[in-house]
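Hello,

Here is the structure I promised to pass along. Could you have a look at it, and then read my notes below?

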Amino acid sequence: MVIADVAVMPLRPYACEDEMYKVVDKCIEKIKESGLKYEIGAMSTTIEGDFDEVFDLIKIIHKIPFELGCERVITVARVDEKAGGLTIDDKLRNHR
């Protein structure tokens with residue numbers, strides 16, 4: 001079990017933030033459909049699951065902006081893996 005903090009940033013050709021957020025919303029929709037546990041944050045989304053499931057999902061959501069006409073995309077992913085597994089709740093237990 002790993003957790004990954006992921007931010008997909010479509011860069012072009014969006015003239016305004018509303019257009020960009022439509023793309024981000026599609027990425028979040030795909031994350032919801034995955035069945036993996038997730039938490040949406042102000043600047044990224046944290047995803048929890050098996051290593052391969054999480055990385056496969058990151059690949060899928062990175063490509064979504066291109067499918068919607070974007071010419072350039074930056075995706076930033078930070079992955080936290082611990083021997084024996086790690087969950088979002090484990091990571092945040094001292095802050096909830």
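Before the notes, one term: a helix here is a DSSP run of H or I with at least four residues, and helices are numbered from the N terminus. Please also keep in mind that this is a predicted model.

Let me start with the aromatic rings. F51 and F55 both belong to helix α2, which covers residues 51–67. They are four residues apart, about one turn of the helix. The structure holds one aromatic pair, and it is formed by the rings of these two residues, whose centres are 4.5 Å apart. Why is the pair of F51 and F55 called tilted? Their planes meet at 35°, and planes under 30 degrees apart would count as stacked while those over 60 would be edge-to-face, so this angle falls in the tilted class. As for accessibility, F51 is partly exposed with a relative accessible area of 39%, and F55 is also partly exposed, at 31%.

Next, the sheet. Four strands make up an open sheet in the order β2-β3-β1-β4, and their pairing is antiparallel. At the edges are β2 (37–40) and β4 (72–81), each of which pairs on one side only. On average, neighbouring strands of this sheet are turned by 20° against each other, direction ignored. Between β1 and β3 (residues 45–49), the antiparallel pairing runs over five bridges. Within that part of the sheet, A4 stands opposite I47 in β3. Helix α1 (residues 17–34) packs on the sheet and touches β1, β2 and β3. The direction of α1 makes about 150° with that of β1.

Is D5 buried or exposed? D5 has 19% relative accessibility, and the cut-off for buried is under 20%, so D5 counts as buried. The side chain of D5 has a polar contact of 2.6 Å with that of S44, and another polar contact, of 3.4 Å, joins the side chains of D5 and T46. Leaving aside residues up to four places away in sequence, D5 touches S44, T45, T46, V76, A77 and R78.

If you open the model, the F51 and F55 rings and the surroundings of D5 are the two spots I would show you.

Best wishes

Technical notes
Residues are numbered from 1 along each chain as its sequence is written. This is a predicted model: local features need pLDDT of at least 70, side-chain atom pairs count only at pLDDT 80 or more; totals for chains, interfaces and linings use all residues. Side-chain values use heavy atoms; hydrogens and water are left out. Buried means under 20% relative accessible area, exposed over 50%, partly exposed in between (1.4 Å probe, protein chains only). A polar contact is a pair of N or O atoms within 3.5 Å; within protein, one must be able to donate a hydrogen and the other to accept it, and residues adjacent in sequence count only if both atoms are side-chain atoms. Contact means heavy atoms within 4.5 Å. Rings of Phe, Tyr and Trp (its six-membered ring) pair if their centres lie within 6.5 Å; planes under 30 degrees apart count as stacked, over 60 as edge-to-face and the rest as tilted. Helices (H or I, at least four residues) and strands (E, at least two) are DSSP runs, numbered from the N terminus. Two strands pair if DSSP finds at least two bridges between them. Axes are lines fitted to C-alpha atoms, for helices over the stretch in contact, and angles run from 0 to 180 degrees between N-to-C directions.
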